[in-house]
Amino acid sequence: MSTTQSERLRALLEPLVASQGLDLEEIAVDSVGRKRVLRVVVDSDTGADLDRIADVSRALSAKLDETDAMGEGEYTLEVGTPGAERELTEHRHYVRAVGRLVRFRLTGGEDLVARILTVDDDGADLEVPGVKGRKATARRLAFDDIAKARVQVEFNRKDTQDHKDLQEEEEA
């Protein structure tokens, strides 16, 4: 998609997405055979359930139908969320990832996997899991030191409430 079309679509759709209480994260137009697919990725601090996705999809579809932003040819509109393993590129992404395990690629080339505990304007406080029975350690990471960051999927993570319940049982 050309930068001009991307900018035009973003300018057209972003206010509409914001009016639904969501952030416009990404816009992409891909060709699939003879058809085009407009993919719109939205999110919010509280997430986006299927009802909100459906509402914003209808609103975007109506807006696109009344303009020529997609040109004359047919296209399919797909509206969704960033997914489980989202890349963190904006400050708000880090805030939304508090409590999640993230793989960081640091500017020096080092890889680090850690859980985000808190986020402020300058960086994040992390908990680096211990290796081979060692305790987890705390680490501060400035945003300037991060080249890339991506949320990791955890299949065996204990829920915070489960951890609290276990502590209470041990104390009793």
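Predicted model: local features only at pLDDT ≥ 70, side-chain atom pairs only at ≥ 80, totals over all residues.
**Stop 1: Arg96 and Glu25.** Select both side chains. They meet in a salt bridge, N to O, at 3.1 Å. Now colour by secondary structure. Arg96 lies in helix α3, residues 91-96, and Glu25 in strand β1, residues 23-32, so the pair ties together parts that are 71 residues apart in sequence. Is Glu25 buried or exposed? Glu25 is buried, at a relative accessible area of 15%.

**Stop 2: Arg39 and Asp30.** Clear the selection and pick this pair. Their side chains form a salt bridge with an N to O distance of 2.5 Å. Show the surface next. Arg39 is partly exposed, with 31% relative accessibility. Asp30 is also partly exposed, with a relative accessible area of 31%.

**Stop 3: Glu110 and Arg139.** Select these two side chains. What is the N to O distance in their salt bridge? It is 3.8 Å. The pair links distant parts of the chain, 29 residues apart. Glu110 sits in the loop between β4 (101-106) and β5 (111-119). Arg139 belongs to strand β7, residues 137-142. Glu110 is partly exposed at 41% relative accessibility, and Arg139 is partly exposed at 30%.

Definitions and conventions:
Residues numbered from 1 in each chain as written. Heavy atoms only, no water. Salt bridge = Lys/Arg side-chain N within 4 Å of Asp/Glu carboxyl O. Helix = DSSP H or I, 4+ residues; strand = E, 2+ residues; numbered from the N terminus. Buried < 20%, exposed > 50% of the residue type's maximum accessible area, 1.4 Å probe, protein only.
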